[in-house]
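I opened this model to see how its chain is put together. My notes follow in the order in which I looked things up.

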Amino acid sequence: MAITRSKTKRNILEVARKLFAKKGFENTTINEIADVSEYGRRTIYTYFKNKNDIYKEVISCELETMHNALEDVTKRDLPADEKLMLFTFARLSVIKEVVTRNGTLRADFFRNIWAVENVRKEFDKKEMKYLESILTDGCESDVFHISSISKTAEILHYALKGLEVPVIRGVLNLKYDNPEDREIVHNLIFKGLNNK
């Protein structure tokens with residue numbers, strides 16, 4: 001479900017996102033956001049309390065992009081195991097795209113991880129619900145045999161979260177269309193480490 005924002009607010013957020021991406025959060029001022037967006041400071045303060053509030057909303061918009069991509073995966077008519085694989089790769093791909101697109105926000109992401117984590121709470125809850133949905137479908141179709149769907153979804157969520165930094169930094173490069181990558185991820189998720 002997309003969050004409804006006025007056109008003015010969307011424009012301010014896009015200008016702010018670009019300035020944060022180019023100059024970083026610390027080096028961007030409310031005055032610059034007002035000047036570049038061609039809205040006065042009064043208009044900016046109509047929608048936002050301060051620069052921190054704008055930053056949080058920019059992060060929320062980027063998380064909404066991720067949410068939409070993952071929601072699209074969960075709506076596909078695929079077997080549960082294939083959907084879980086696609087979800088895994090899509091999630092890692094979209095977070096890298098979002099962070100990379102935001103330039104120096106990438107540095108802020110690593111420096112200010114707790115602020116980002118605070119904004120991410122709702123996104124994380126939605127992601128776990130998506131994973132629960134996929135796992136439930138898999139159990140109902142006898143593809144998965146899981147004793148606790150919610151606990152398994154939570155563990156998968158945190159495992160994927162743990163892969164974010166290496167993927168963002170380019171240390172780990174997994175591609176859905178690479179058969180070797182798919183086999184490694186498939187074996188790890190579905191067979192564990194003891195796969196003979």
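I counted the elements of the chain: nine helices and zero strands. Here helices are DSSP runs of H or I with at least four residues, strands are runs of E with at least two, and numbering starts at the N terminus. Along the sequence the pattern reads α-α-α-α-α-α-α-α-α.

I noted the ground rules next. The model is predicted, so local features need pLDDT of at least 70 and side-chain atom pairs count only at pLDDT 80 or more, while totals for chains, interfaces and linings use all residues. Residues are numbered from 1 along each chain as its sequence is written, and side-chain values use heavy atoms, with hydrogens and water left out.

**Whole chain.** I looked up burial and found that 40% of the 196 residues count as buried. Buried means under 20% relative accessible area, exposed over 50%, and partly exposed in between, with a 1.4 Å probe and protein chains only. Then I checked contacts, meaning heavy atoms within 4.5 Å. Among those with a separation of 6 or more, 69% join residues 24 or more positions apart.

**Helix 1 and helix 4.** I took residues 7–23 against residues 51–75. Their axes are 9 Å apart, at an angle of about 95°. Axes are lines fitted to C-alpha atoms, for helices over the stretch in contact, and angles run from 0 to 180 degrees between N-to-C directions. Helix 1 and helix 4 are therefore roughly perpendicular. That label covers 65 to 115 degrees; under 35 is roughly parallel, over 145 roughly antiparallel, and the rest oblique. From helix 1, the contact includes Leu13, Ala16 and Phe20; from helix 4, it includes Ile54, Tyr55 and Val58. By class, I noted seven nonpolar, no polar and five charged residues in this contact. Ala, Val, Leu, Ile, Met, Phe, Trp, Tyr, Cys and Pro count as nonpolar, Asp, Glu, Lys and Arg as charged, and the others, Gly among them, as polar.

**Thr65.** I stayed in helix 4, where Thr65 is found. Thr65 counts as partly exposed because its relative accessibility is 34%. Val94 is 29 residues away in sequence, yet the C-alpha atoms of Thr65 and Val94 are 8.2 Å apart. Leaving out residues up to four places away in sequence, Thr65 touches Val98 and Arg101.

**Helix 5 and helix 8.** How do residues 80–101 cross residues 149–169? Their axes come within 10 Å and cross at roughly 40°. The two helices are therefore oblique to each other. In helix 5, the meeting residues include Leu84, Phe87, Thr88 and Ile95; in helix 8, they include Leu156, Leu160 and Val167. I listed 10 nonpolar, one polar and four charged residues there.

**Thr88.** Is Thr88 buried or exposed? Thr88 counts as buried, because its relative accessibility is 6%. A polar atom of its side chain lies 2.9 Å from the backbone oxygen of Leu84. Beyond four places in sequence, Thr88 touches Leu160, Val185 and Ile189.

**Two loop residues.** Most residues other than glycine have a negative phi. I found Glu38 with a positive phi of about 65°. Glu38 sits in the loop between helix 2 (30–37) and helix 3 (41–47). At 73% relative accessibility, Glu38 counts as exposed. Asp142 also has a positive phi of about 65°, and its place is the loop between helix 7 (113–140) and helix 8. Asp142 counts as exposed at 54% relative accessibility.

Definitions and conventions
A polar contact is a pair of N or O atoms within 3.5 Å; within protein, one must be able to donate a hydrogen and the other to accept it, and residues adjacent in sequence count only if both atoms are side-chain atoms.
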